[in-house]
Amino acid sequence: MVIVDILRYLEEQEYTIVQADTTSIITAVDMKTQLIIVHSLSGRTIIAYGNDDDIRFLGLIENLKQLKVVLRLINKLPVK
């Protein structure tokens, strides 16, 4: 299951897991950068900084490799 792999990865990267229901949705926060990641079982993913007014990515993530690429690209963007 992709959602379990993503949850494991986020835990390994020391994100704070605030919601971990691997049957539907997971939510994680990086407390240093205030990056919020919400990933659902359907693959719908929201990645934002601090609040919903600053969404950097809203789309489908089909595997862990895609998530890593999106996070790497987002980390290179300046935070508003």
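Me: How many residues does helix H2 have, and what should they span?

Reply: Helices here are DSSP runs of H or I with at least four residues, strands are E runs of at least two, and both are numbered from the N terminus. The expected span is 1.5 Å times one less than the number of residues. For the 12 residues of H2 (residues 64–75) that gives 16 Å, and the end C-alpha atoms are 16 Å apart, which agrees.

Me: What should I know about the model first?

Reply: It's a predicted model, where local features need pLDDT of at least 70, side-chain atom pairs count only at pLDDT 80 or more, and totals for chains, interfaces and linings use all residues. Residues are numbered from 1 along each chain as its sequence is written, and side-chain values use heavy atoms, with hydrogens and water left out.

Me: Which residues of H2 are buried?

Reply: Buried means under 20% relative accessible area, exposed over 50%, and partly exposed in between (1.4 Å probe, protein chains only). In H2, the buried ones are Leu67, Val70, Leu71 and Ile74. Looking down the axis of H2, its buried residues fall within an arc of 100°, so they line one face; the arc is that of the directions from the helix axis to the C-beta atoms.

Me: What do the buried residues of H2 pack against?

Reply: Count a contact when heavy atoms are within 4.5 Å. The partners are helix H1 (2–12) and strands E3 (35–40), E4 (44–49) and E5 (55–60). Leaving aside its neighbours within four places in sequence, Leu67 touches Ile6, Tyr9, Ile47 and Ile61.

Me: And how do I read a core?

Reply: A nonpolar core is a set of buried Ala, Val, Leu, Ile, Met, Phe, Trp, Tyr and Cys residues joined through side-chain atoms within 4.5 Å. The largest one has 17 residues, and among those touching the most other members are Leu10, Leu67 and Leu71. H1 gives the largest share of this core, 5 residues.

Me: Is His39 buried or exposed?

Reply: His39, in strand E3, is buried, with a relative accessible area of 3%. Its side chain makes a polar contact with the side chain of Thr45 (2.7 Å). A polar contact is a pair of N or O atoms within 3.5 Å; within protein, one must be able to donate a hydrogen and the other to accept it, and residues adjacent in sequence count only if both atoms are side-chain atoms.
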